[in-house]
Amino acid sequence: MHKYYRINEVAQFTSVSIRTLHYYDEIKLLSPSYRTEGGHRLYSKDDLMKLQQIITLKFMGFPLKEIQNLLHGSNFNIHESLKIQAGLLKKEAARIEVVSKLLDHLVDDSNGKNTFDWESIIKIIEILQLSELDKQTWYKKYLNENELEDMNKLFSGFTDEFWTDYHKRWADLFAEVRENLNTDPESETGIQLAKKWMNLVNEIYANKSELSRKLWNGYKAGIIPENQLPYDQSIIAYITRACEKLNAS
């Protein structure tokens, strides 16, 4: 004897609301196999299996119209749709990562207070929304005219050979910090890494501490393209604590 389930039982089994099940029936996405003389919906085990498929596809990002085509049509290309959905989910994951970086920056920058530098926040959000091509010139939007002039003067004072070596030393330091993330940032190891970090910063920005601080805030917020400077929240957290300990010593 076949077993059938009333709509309240199906809702309990699947955590899909009765209202949603009514809607699925209304749009012909999932209709119960039987109804009682009184009009009550009765769902079969096949109906429950179909509902589970709907839930799964919806979780994977498929809109209801495509789910309907998939379940009821013969020409629906699930492989192509999965590829499209994977791409959309990757973009959404990247967007969430960007927002996460910004929130981390805001928490760190506020120092536990309820005041924020809204002008900088707005600029950061504008840069985060730029196209990949425009992001290569992020600093033109982030810095004001005086800061841009200062940065151009600083950068033009060094040769290409210097910059090649300078970037290599930064890459080496990033790798060294990453290898020591298991240590206490306030330990002697952390202090020495903080000194190396500040020495590299001061090679360029020794006389421009405000510009250095603003660029550091931009880095923490994730607005510098990763092909220009690798971003790693764990390194930022480690070095921030290590530098605070160094400055307090």
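Let me start at Ser 15, which lies in the loop between α1 (7-14) and α2, where helices (H or I, at least four residues) and strands (E, at least two) are DSSP runs numbered from the N terminus. What we are looking at is a predicted model, in which local features need pLDDT of at least 70 and side-chain atom pairs count only at pLDDT 80 or more, while totals for chains, interfaces and linings use all residues. Residues are numbered from 1 along each chain as its sequence is written, and side-chain values use heavy atoms, with hydrogens and water left out.

Ser 15 has a positive phi of about 65° although it is not a glycine. Most residues other than glycine have a negative phi. With a relative accessibility of 69%, Ser 15 counts as exposed; the cut-offs are under 20% relative accessible area for buried, over 50% for exposed, and partly exposed in between, with a 1.4 Å probe and protein chains only.

Now to the loop between α2 and β2, where Lys 28 is found. Lys 28, too, is a residue other than glycine with a positive phi, near 65°, and it is exposed, with a relative accessible area of 58%. Leaving aside neighbours within four places in sequence, Leu 29 is in contact (heavy atoms within 4.5 Å) with Tyr 24, Lys 50, Ile 54, Leu 64, Ile 67, Gln 68 and His 72. The C-alpha atoms of Leu 29 and Lys 65, which are 36 residues apart along the chain, are separated by 8.7 Å.

For the chain as a whole, there are twelve helices and three strands, and buried residues make up 34% of the 249 residues. Of the contacts with a separation of 6 or more, 58% are between residues 24 or more positions apart.

Next, helix α9 (residues 160-179), whose 20 residues should span 28 Å at 1.5 Å a residue, and whose end C-alpha atoms are 29 Å apart, which agrees; the expected span is 1.5 Å times one less than the number of residues. Which residues of α9 are buried? They are Phe 162, Trp 163, Tyr 166, Trp 170, Leu 173, Phe 174 and Val 177. These cover an arc of only 110° around the axis, which puts them on the same side of α9, the arc being that of the directions from the helix axis to the C-beta atoms. The face turned away from that buried side carries the exposed residues Asp 160, Glu 161, Thr 164, Lys 168 and Glu 179. The buried residues of α9 pack against α8, α10 (188-205), α11 and α12 (233-248).

Glu 147, Asp 150, Met 151 and Leu 154 of α8 make the contact with Leu 211, Lys 214 and Leu 215 of α11.
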